[in-house]
Amino acid sequence: MARRLRVALAGNANVGKSVIFNQLTGLNQVIGNWPGKTVEKAEGTLHFKGYTIRVIDLPGTYSLSAFSIEEIVSREYIAIEKPDVIINVVDASALERNLYFTLQLLELEAPVVMALNQVDFAAKKGIRINVEKLSEILGIPVVPTVAITGSGINELLTTVVALASGEIKPKPLKIRFGAEVEKRVQKLQKLVEKRLPRMCAIYPARWIAIKLLEKDEDVASKVKNYAGGTEALEYAEKQAAELEKMHGEQSPVILASERYSIASKIAKEVTVTITPPRISLEQKLDTITTHKILGYPILIGILLATFSLIFIGGGFLSSFLETVVSDVSTHIEALLAFLPQEVVKPLVNGVFGGIVAGITIALPYIVPFYIILALLEDSGYLPRAAFLMDNFMHKMGLHGKAFIPLVLGYGCSVPACIGCRIMETERERLIAAFVVTLVPCAARTVVILGLVGRYVGLHAALALYIFDLALVFVLGRIAFKVLPGEPVGLIMEMPPYKRPLVKNVLAKTWSRTKDFVCVAFPIIVAGSLTITILDATGFIGYIVAGARPIISGWLGLPKVAGVPLIFGVLRKELALILLSELVPLETLSAAQMIVFALVTMLYIPCIATIAALLREFGLKKAAVITIVNVTFALFFGGLVYRLLLLFTT
Amino acid sequence: MSRSGKRLRENEEELCTLTDLAEGGRGIIVKTQGGFGLVRRLAEMGLTPSTEVKLLKKGSFGGPVEVEVRGVTLALGHGVASKVLVKPLKDEGNG
């Protein structure tokens, strides 16, 4: 029988961790979310020397504190699930900063193998690292790798198996801080061992002590749940306060300084810098793309290229799939002809309507989007775009990174909502996603241009866009003020540019698409089925009648306009198509057209977006965003209608 | 919100914020100010007291800055960078 091993990959972002993951698992991987968290979880399996090895790619973080959800997810996994081996992927060209993370893995007393990655890139920068010495100092195995070419991967696996089977006996470095800090850590550790034996069964006592001294809010809240926790907490607070008084710094800063001075010392001892690096092509590319003036036209160019690729590619795929899918559904209807039609029709329409919407609207745009996103991620351009737009994004209460999902929102809200993951904290993610749902996607553009642009004039369509942008700014700011939590400014690594690997890009695209289909499709189909059943049973009529005071009374639209607005939830451009079937568009007044387009632009993003929101934020937050959107749509719809009446009569 | 341009005197030595350094200028971090979360984050990214930083680039319109610290390039928002007090190193631009 094959023996099983559980291995986790851990390390900083931008060190080639996902490349190593792909080298290890190939296409044999699943990307999902950590339960209840907006954090991507990638898992895969491989077979090696009679072992079945399950590999988990932990999120890339710079630390293991409680700053971001990613960091908590990672350290909880390491402490509680206790994987057999942790592969700590380290960027050889930035050893000092990477060692800061390694030291924290050792604090967690995890069984670590270090993959010293990008040794080739480090060599190019003139940095050479003495691997044996590094391994000796840290007391853990260190394997040099070049993940991109796959060099060192086999040796890495051999070492992992050797460590897991006890063939290698590591003697991990016992980290000792400066005297004042160390004294307090040890005192606290003794108290923790005595007072919190049950917690010490899960987490190392010294680690708990360090975290308490660092005022780690997550550990503190856990400690409180144990009997004797309050005493330990009070003692830790006293010790931290003493240290802070002595150093004039917050205790986490003192501990970070301690770790960095150890990391710096080790890095200096094992690193030889041979030649002063000369200016490389990557550096030139960096200078141009973040240039004060030149950077912006380049950014606009890249965005335009991205959009046209997504739209041309997506539009082509979409119309192609539409013909295929409609053929298939005619066949299925024919096959089911023997059944009573009043039952079959709504079912087929509902289920297939949903699947068709998913296949023909969402997928064709999402797949090209995922490919381009992976290219932009892997090349290192995304942080440059964020750098350029940071100032602008602060005006709406977000920082530079949020620019990326926002722009994606003009294409399709679904990938844009998923793209909000690049923000560090749940708070920032939520604000970004909320703002993104208000940005008119391609389908809403169809309604705005097809109705207002065509019949009222382009100036009116443009006015709608400007109104929307203003609304995004104002509501973004309000969300920024209302949501609890400390806002985070931009603190972001600017990794050097790299050539993206086709294999990596495709692997990412494939697993993300798979994840989207599994999660979003059932929701889209269920929603579609509900609406068609409501229609077939005549309930839509009641809803329209019930909504009449809002549709006609408040918004000033013809009462049948309720139907396209309800069906617009399935896909926004459907709102316009249905409206034109119910009322000749020319008979609508300019004010009615503008109001209809405005409401369509703002009210609940389509069902696929709701699915994405559910997926990312859970029921409650998705519902709040949806309700807020509908409320604003109706409020501004009625308001604008009245204002327009004032001006036109 | 922003503290840029404001010089602070401490122990007779002239200190300035990171945003006051000129492009290519170097400084030694003296202190990071701001909320608990920000100060901790900066420390974790390697911006701890008595560390040397080099200002690589300033964004336009009072935008973010790019700095080099511990061999790594970081982008810091203007608000974030203005919370980092440094002692400028001599013979290099400081403002």
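**Exercise 1.** In this predicted model, determine in which sense E10(A) pairs with strand E6 of chain B, and over how many bridges.

*Solution.* Begin with the two elements: E10(A) covers residues 491-493, while its partner E6(B) covers residues 72-76. The two strands pair in the antiparallel sense, and the pairing runs over 3 bridges. To place one of these bridges on the sequence, take Met492(A), whose bridge partner in E6(B) is Ala75(B).

**Exercise 2.** Describe the contact between chain A and chain B by the residues that each chain contributes, and then characterise the side that belongs to chain A.

*Solution.* Next assign the side of chain A that touches chain B to secondary structure, where helix H3 (95-107), helix H12 (251-270), helix H16 (381-394) and strand E10 (491-493) each supply at least two residues.

**Exercise 3.** Decide how compact chain A is in relation to a globular protein of its length.

*Solution.* Start from the secondary structure of chain A, which comes to 27 helices and 10 strands. The radius of gyration of this chain is 28 Å, close to the 26 Å given by the globule rule for 649 residues, so chain A is as compact as a globular protein of that length. Along the principal axes, its C-alpha atoms fill a box of roughly 80 × 55 × 55 Å. As for burial, 47% of the 649 residues count as buried. Lastly, among contacts in chain A between residues at least 6 apart in sequence, 73% join residues at least 24 apart.

Key
Residues numbered from 1 in each chain as written. Chains lettered and ligands numbered in written order. Predicted model: local features only at pLDDT ≥ 70, side-chain atom pairs only at ≥ 80, totals over all residues. Contact = placed C-beta atoms within 7 Å. Helix = DSSP H or I, 4+ residues; strand = E, 2+ residues; numbered from the N terminus. Nonpolar A, V, L, I, M, F, W, Y, C, P; charged D, E, K, R; others polar. Pairing = 2+ DSSP bridges. Rg over C-alpha atoms; globule rule 2.2 N^0.38 Å. Buried ≥ 20, exposed ≤ 12 C-beta atoms within 10 Å, placed from the backbone.
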